[in-house]
Amino acid sequence: MVQINTAPAVHPGFTEKNRIITGGEIQYMPYPDGPELHMLKRAVSIIEHNIYRKNVACSRYFKSLSKDNPLSFDDVWEDKDVWINLDPRPSANFDGFNANDHPKDITIAARSFRRNVWFVVSVIVHELAHVAGAPSEWKSDAAERSLLHCGLRAFYHPSEQRTAMSESPPPAADSETVTA
Ligand SMILES: [Zn+2]
């Protein structure tokens with residue numbers, strides 16, 4: 001199963017640079033005991049009761065995201081190397097992210113927890129779609145479209161996707177490579 005990062009000794013936190021994000025970086029940190037962890041556990045429970053092994057359309061859509069290594073939603077959810085981290089900064093101006101150098105790490109930003117638990121569910125599903133192979137937002141809306149197939153249509157925001165889910169624009173010539 002996917003793992004929640006609560007133990008830095010097991011899964012150390014890390015950051016990745018991203019020029020369009022407030023503060024210039026994205027953080028993948030362990031969850032301290034607190035309201036974010038509490039809401040995340042509720043979101044995980046919702047996924048386990050409503051999506052995992054239940055939503056055939058969702059799993060089928062996930063399999064379409066990669067030609068080389070098709071993974072169903074259930075395959076991704078069962079992968080113990082997938083980690084859900086936290087970006088705890090109140091000012092972080094995005095909802096979630098999938099790391100570049102650690103392709104099985106996702107992070108949920110603090111502002112997502114200020115919405116509600118179903119919103120957190122939608123961010124997790126969106127980011128797991130990237131883990132399954134959905135390209136970054138500036139190439140494709142495939143990750144956001146997973147919400148249409150996974151029972152989360154109310155949270156689908158195609159026009160806001162670049163800011164709401166906040167994958168970066170094409171990297172500038174000089175470097176800090178950033179994709180979703
Ligand atoms: Zn995305």
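Colleague: What share of the contacts in the protein chain with a separation of 6 or more comes from residues 24 or more positions apart?

Modeller: Those residues account for 58%. A contact here means two residues whose C-beta atoms, placed from the backbone, lie within 7 Å. Bear in mind that this is a predicted model: local features need pLDDT of at least 70, side-chain atom pairs count only at pLDDT 80 or more, and totals for chains, interfaces and linings use all residues. Residues are numbered from 1 along each chain as its sequence is written.

Colleague: What makes up the protein chain in terms of helices and strands?

Modeller: Seven helices and six strands, running β-β-β-α-α-α-β-β-β-α-α-α-α from the N terminus on. Both kinds are DSSP runs numbered from the N terminus: helices are H or I with at least four residues, strands are E with at least two.

Colleague: Why is Asn98 called buried?

Modeller: Count its neighbours. A residue is buried if 20 or more other C-beta atoms lie within 10 Å of its own, exposed if 12 or fewer, and partly exposed in between, with C-beta atoms placed from the backbone. Asn98 has 25 within 10 Å, so it is buried. Across the protein chain, 40% of the 180 residues count as buried.

Colleague: Where does Asn98 sit, and which residue stands opposite it in E6?

Modeller: Asn98 is in strand E5, and Ile106 in E6 stands opposite. Asn98 and Ser136 are 38 residues apart along the chain, with their C-alpha atoms separated by 9.3 Å.

Colleague: How do you know that E5 pairs with E6?

Modeller: Two strands pair if DSSP finds at least two bridges between them. Three bridges join E5 to E6 (residues 105–109), and the two run antiparallel, so that passes the cut-off of at least two.

Colleague: What makes the sheet's pairing mixed?

Modeller: The four strands form an open sheet in the order E1-E4-E6-E5. E5 and E6 run antiparallel, but E4 and E6 run parallel, over five bridges, and E1 and E4 also pair in the parallel sense, over two. Leu86 stands opposite Ile108 in E6, while Gln3 has Trp83 in E4 as its bridge partner.

Colleague: Why are E1 and E5 called edge strands?

Modeller: E1 (3–4) and E5 (96–98) each pair on one side only.

Colleague: What makes E4 largely enclosed?

Modeller: Five of its five residues are buried, so the rest of the structure largely encloses E4. Trp83, Asn85 and Asp87 point one way and Ile84 and Leu86 the other, and all are buried.

Colleague: How do you know that the buried residues of H2 are on the same side?

Modeller: The buried ones in H2 (residues 56–63) are Cys58, Ser59, Tyr61 and Phe62. They cover an arc of only 160° around the axis, which puts them on the same side of H2; the arc is that of the directions from the helix axis to the C-beta atoms. The face turned away carries the exposed residues Val56 and Ala57.
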